[in-house]
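This report goes through selected side-chain features of the structure shown below, with the cut-offs behind each term.

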Amino acid sequence: MTQERRLGLPVTAFMDGLDDEYAIAKQQQGFYRFMALPLFEVLGTVLPQTAVLEKWALQNLAEFD
């Protein structure tokens, strides 16, 4: 049970149902695909010395998969 539910507060939709490792991993995959990877791609273009961040993010995503 989430802390919000315990306190009688509404539970944020994307945080509801994160009671098991599989659900958490799926949430992390979505975050990497739609937030982290596009950010690191642009960041690597603007600041080439940070291009390694995209490589590491792709490795992390492969671990989640």
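## Aromatic pairing

Rings of Phe, Tyr and Trp (its six-membered ring) are taken as a pair if their centres lie within 6.5 Å, and planes under 30 degrees apart count as stacked, over 60 as edge-to-face and the rest as tilted. By this rule there is 1 aromatic pair. Its members are Phe31 and Tyr32, whose ring centres are 6.4 Å apart and whose planes stand at 80 degrees, so the pair is edge-to-face.

## Basis of the values

The model is predicted, so local features need pLDDT of at least 70 and side-chain atom pairs count only at pLDDT 80 or more, whereas totals for chains, interfaces and linings use all residues. Residues are numbered from 1 along each chain as its sequence is written, and side-chain values use heavy atoms, with hydrogens and water left out.

## Nonpolar core

A nonpolar core is a set of buried Ala, Val, Leu, Ile, Met, Phe, Trp, Tyr and Cys residues joined through side-chain atoms within 4.5 Å, where buried means under 20% relative accessible area, exposed over 50% and partly exposed in between (1.4 Å probe, protein chains only). The largest such core has 6 residues, namely Tyr32, Ala36, Leu37, Phe40, Ala57 and Leu61. Helix 2 and helix 3 (52–64) are the elements that give two or more residues to this core, and its largest share, 4 residues, comes from helix 2; helices here are DSSP runs (H or I, at least four residues), numbered from the N terminus.

Tyr32 is buried, with a relative accessible area of 17%. Leaving aside neighbours within four places in sequence, Leu37 is in contact (heavy atoms within 4.5 Å) with Tyr32, Glu54, Ala57, Leu58 and Leu61.

## A buried glutamine

Gln29 lies in helix 2 and counts as buried at 6% relative accessibility. Apart from neighbours within four places in sequence, Gln29 contacts Leu61, Phe64 and Asp65. The C-alpha atoms of Gln29 and Asp65 are separated by 7.6 Å, although the two residues are 36 residues apart along the chain.

## An exposed methionine

Met35 is placed in helix 2 (residues 21–46) and is exposed, with a relative accessible area of 51%.
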